[in-house]
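This report describes selected residues and ring pairs. The sequence and structure come first.

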Amino acid sequence: MLKRVALRLFARERGLFTGALVVGVTLAMFGVPVDFVLFGLTLAGVALFHHHTLQVALTGLAVIVLYKLGITGFKEGPGLGGLALHMQHEWVILTNLFGLLLGFALLSRHFEDSKVPAVLPHFLPDDWRGGFALLVIVFVLSSFLDNIAAALIGGAMARVVFRHKVHIGFLAAIVAASNAGGSGSVVGDTTTTMMWIDGVNPLDVLHAYVAAGVALVVCGIPAAKQQHRYSPIIKEARVEGRVDWTRVGIVAFILVSAIVANVAMNVFIEGLGDRFPVLGATVWAAILVTAALRRPAWGLLPDAFKGSIFLLSLVTCASLMPVEKLPLASWHVAMGLGFVSAVFDNIPLTALALKQGGYDWGMLAYTVGFGGSMIWFGSSAGVALSNMYPEAKSVGRWLKEGWHVTLAYVIGFFVMLATVGWQPHTPHKAHAQAPAAAGSTLRALS
């Protein structure tokens, strides 16, 4: 099937493929590693052929693996042996991510079926301020929850509140709010948790909220007005039945279980997260334990499975890239990393920054966290939300209708630079080491 789809796409878009080949060859001639060229072409394919994202991602992964098998080898060694060693290291990350994506899809439906989102119109303002208040809720949730969960809960609320008519600009703002909310908290985002585990003081990332708060306002108000024009809140809508507090309790239990497992494996059982997918297993154990109270929506899993395989393909591609060094730390580099994180996994970027040292960790937390919101596949929150809203899988529409996210990123950054300034921290370790273990444990929540 994959071969047939690839041949059909090639026959239909020969011009685009030819242009991409020319660009790729040109970049390689100027010294850009072929690995990056192939990954870039894969991401470009995802952007152009958003109705065939899974096939494009799998094709790109296959080409990259074949290239490394036949020519460059892997960081762990050449040939199939190197590939096996690489996957032995990555399997925990991928399994965690797979379990979390599927689990949070069921969690999101539990929350939607609890009827809590259905009663929100009775408490939210019935103009554009209602949409903005919803974004603030997502922002707050993400400060102490996983940004994937915050985005999915926000998407579930929006689906009910706006009667299944959600503007893509507002979806982009939900992702932005989820990423912004976690940027100043060491328990709110994978990258900040990595910093915490590596020895960065939690207070050193707190000032990321200066930029994140500004960014929320800059993108949230236009997005809320977009949504109000597209489909306003209907306060007079009747809610059938009462809030199902049992389902609310199930949602809380699943999330608290994940948080407790995350803290326990990083504080009390060192190295466990590198050997076993604790987070994914914990979420699924909580889902199964509570299934007797309320039956999960198992019918969601086939579609969630496809979306998860797409994300796993891109994460695997990113893990195969030869990212070995960054320019010297500066606010210019930190800002640039935000744009890079829109198309590239922010975990290796954060790991390299920690190894290098000398960054303003609050500024870096904001840029690599919020930066992924600028494109729908730039963060796991965006990918997860696009599984719920497939129409969001268009880079062109995301950039056009979610223009306020990029504007918010830039304004938020320069407000922080002007008020807080660039405050590089001295290396927090005598001999800084790449936090590979932290990245492996937590990459699933990126």
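## Basis of the model

The model is predicted, and local features need pLDDT of at least 70, side-chain atom pairs count only at pLDDT 80 or more, while totals for chains, interfaces and linings use all residues. Residues are numbered from 1 along each chain as its sequence is written, and side-chain values use heavy atoms, with hydrogens and water left out.

## Buried residues in helices

Leu107 is found in helix H5, residues 79–113 (helices are DSSP runs of H or I with at least four residues, numbered from the N terminus). Leu107 has a relative accessible area of 0% and is therefore buried (buried means under 20% relative accessible area, exposed over 50% and partly exposed in between, with a 1.4 Å probe and protein chains only). Residues up to four places away in sequence aside, Leu107 touches Ile153, Val251, Ile254 and Leu255 (contact means heavy atoms within 4.5 Å).

Phe139 belongs to helix H7 and counts as buried at 14% relative accessibility. Its contacts, neighbours within four places in sequence left aside, are Ala177, Ala180, Gly181, Tyr209, Ala212 and Leu216.

## Aromatic pairs

The structure holds 14 aromatic pairs (rings of Phe, Tyr and Trp, the last by its six-membered ring, with centres within 6.5 Å; planes under 30 degrees apart count as stacked, over 60 as edge-to-face and the rest as tilted). The rings of Phe98 and Phe305 have centres 5.7 Å apart and planes at 85°, so this pair is edge-to-face. Phe98 in helix H5 and Phe305 in helix H15 (residues 301–319) are 207 residues apart, and the pair links distant parts of the chain.

Trp331 and Phe414 form an edge-to-face pair, 6.0 Å centre to centre with 75° between the planes. Because Trp331 lies in helix H16 (residues 331–340) and Phe414 in helix H21 (residues 403–419), this pair ties together parts that are 83 residues apart in sequence.

Definitions and conventions:
Helix = DSSP H or I, 4+ residues; strand = E, 2+ residues; numbered from the N terminus.
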